[in-house]
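Biologist: Please pick one part of this model and take a close look at it. Then connect it to the rest.

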Amino acid sequence: MRSTPHPRRRAARRALAVAAVAAATLGLAACGQSGSGSAPAPTSAGGAATGAFPRTIEHAKGSTTIDKAPQRVAALDTSLVDDTIALETPVVAFTRYPGFGDSLPDYLGEDGKKYGKDAKPVGELANPKVEEIAGIAPDLIVSSSVRHEAIYDQLQKAGPTVFTKTVGVTWKENIRLLGKALGKEDLAEKKITAYEARAKKIGDAIRAKAGKNPTVSLARFVGGEPNVRLYTAKSFPGIVLDDTGLARPTGQPTSDKISVNLSQEQITSLDADRVFLATWADGKGASQQVRDQFQANPLWGQLKGQRQDVNDATWISSGSLQGAGAMLDDLAKSFGVDAGH
């Protein structure tokens with residue numbers, strides 16, 4: 001990275017950057033979810049060895065040169081906040097997690113306290129405050145095209161910016177991409193490998209105890225939706241369940257999307273040896289109302305599998321290594337096997 005300028009000169013430059021970004025973002029509409037089908041696959045280029053800088057990162061919006069190992073990361077998708085902390089790097093700016101206010105979630109544990117101690121909220125996921133991000137002066141900004149493609153150009157003015165194409169289903173690829181941007185490729189691979197070994201170990205223990213491969217389902221209730229979402233193997237939690245090797249019920253509805261919407265008439269399609277149930281914390285009780293309607297249906301009583309509530313924040317929303325680890329903890333506890341820590 002360029003040599004550090006004199007403090008007064010650096011402050012002046014930062015003020016100019018903030019003003020430029022503020023002007024560029026006037027009138028910017030709140031960003032909804034959008035994608036870029038023509039975006040290149042996130043890969044690393046430049047031939048830099050692990051930990052070596054400068055390096056150029058190929059990502060969903062092109063290429064970005066990072067001059068030195070980042071130590072002040074602004075992560076604008078909650079899964080990428082988790083990933084940055086998992087890769088033992090300080091987070092200085094983040095978009096708020098639903099239900100956690102201005103704080104980081106407790107499932108991030110001691111690492112969250114250590115690497116997130118200086119983290120400041122910079123708006124909601126749908127509308128990050130680019131001015132504030134620029135004022136914090138991160139040395140790396142990470143987000144996703146599916147989240148913030150509309151403000152990518154503005155973010156670039158605030159610091160080197162790397163985008164994943166999407167989140168959730170690509171959670172392992174996203175950790176690897178972030179590892180390349182941070183110069184921590186080996187750490188990223190080490191943590192993914194350890195997670196996968198633990199998932200297999202827990203799955204094997206469950207099968208050994210049950211004397212068979214139990215079937216599992218995951219359903220989620222969301223306020224304002226008349227259906228229940230049945231998660232598929234194409235989702236973040238579906239990938240975690242598949243990593244354990246636990247089976248899905250034969251003939252259960254599925255698709256190439258992350259979930260299948262089931263009506264009340266299809267309640268029995270949820271059935272499995274273990275049915276995990278998540279309820280989105282919408283803050284208004286609307287999701288619980290949807291759940292209550294399903295549970296009041298006589299077909300609910302026809303489910304034969306054991307039903308168990310799970311944490312929506314970790315099982316569904318996290319899309320991260322920490323969320324996957326929490327899922328494994330819950331699976332081990334549910335089936336009464338060692339958690340494999």
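Modeller: Q306 counts as partly exposed, at 44% relative accessibility. Buried means under 20% relative accessible area, exposed means over 50%, and partly exposed falls in between (1.4 Å probe, protein chains only). This is a predicted model, in which local features need pLDDT of at least 70 and side-chain atom pairs count only at pLDDT 80 or more, while totals for chains, interfaces and linings use all residues. Residues are numbered from 1 along each chain as its sequence is written, and side-chain values use heavy atoms, with hydrogens and water left out.

Q306 belongs to strand 15, residues 306–309. Helices (H or I, at least four residues) and strands (E, at least two) are DSSP runs, numbered from the N terminus. Which residues does Q306 touch, beyond its neighbours within four places in sequence? They are A272, D273, R274 and V275. A contact is a pair of heavy atoms within 4.5 Å. V216 sits 90 residues away along the chain, yet its C-alpha atom is 9.7 Å from that of Q306.

Now step back to the whole chain. The protein has 12 helices and 15 strands. Of its 341 residues, 48% are buried. Among contacts with a separation of 6 or more, 67% join residues 24 or more positions apart.

Five strands build it in the order 6-5-4-9-10, with parallel pairing. Strand 6 (120–121) and strand 10 (161–164) are its edges, each pairing on one side only. Two strands count as paired if DSSP finds at least two bridges between them. Strand 4 (residues 73–75) and strand 9 (residues 140–144) run parallel and share 3 bridges. V73 has L140 of strand 9 as its bridge partner. Helix 7 (residues 171–182) lies across strands 4, 9 and 10, at about 165° to strand 10. Axes are lines fitted to C-alpha atoms, for helices over the stretch in contact, and angles run from 0 to 180 degrees between N-to-C directions.

Other charged side chains do pair. A salt bridge here is a side-chain nitrogen of Lys or Arg within 4 Å of a carboxyl oxygen of Asp or Glu. The count by this rule is 20. R96 and E124 make one, their closest N and O atoms 3.1 Å apart. They link distant parts of the chain, 28 residues apart: R96 is in the loop between strand 5 (91–94) and helix 3 (109–115), and E124 is in strand 7 (residues 123–124). E124 is partly exposed, at 42% relative accessibility.

K129 and E132 form another, at 3.9 Å from N to O. K129 is partly exposed at 42%, as is E132 at 35%. In helix 8 (residues 185–210), R207 and D204 are 3 residues apart, which means a separation of about one helical turn. Their closest N and O atoms are 2.8 Å apart, in a salt bridge. Shared partners also join R96, D102 and E124 into one salt-bridge network.

Strand 2 (residues 55–59) and strand 3 (residues 62–66) pair antiparallel over 5 bridges. T56 has T65 of strand 3 as its bridge partner. On strand 2, R55, I57 and H59 form the covered face, while T56 and E58 form the uncovered one.
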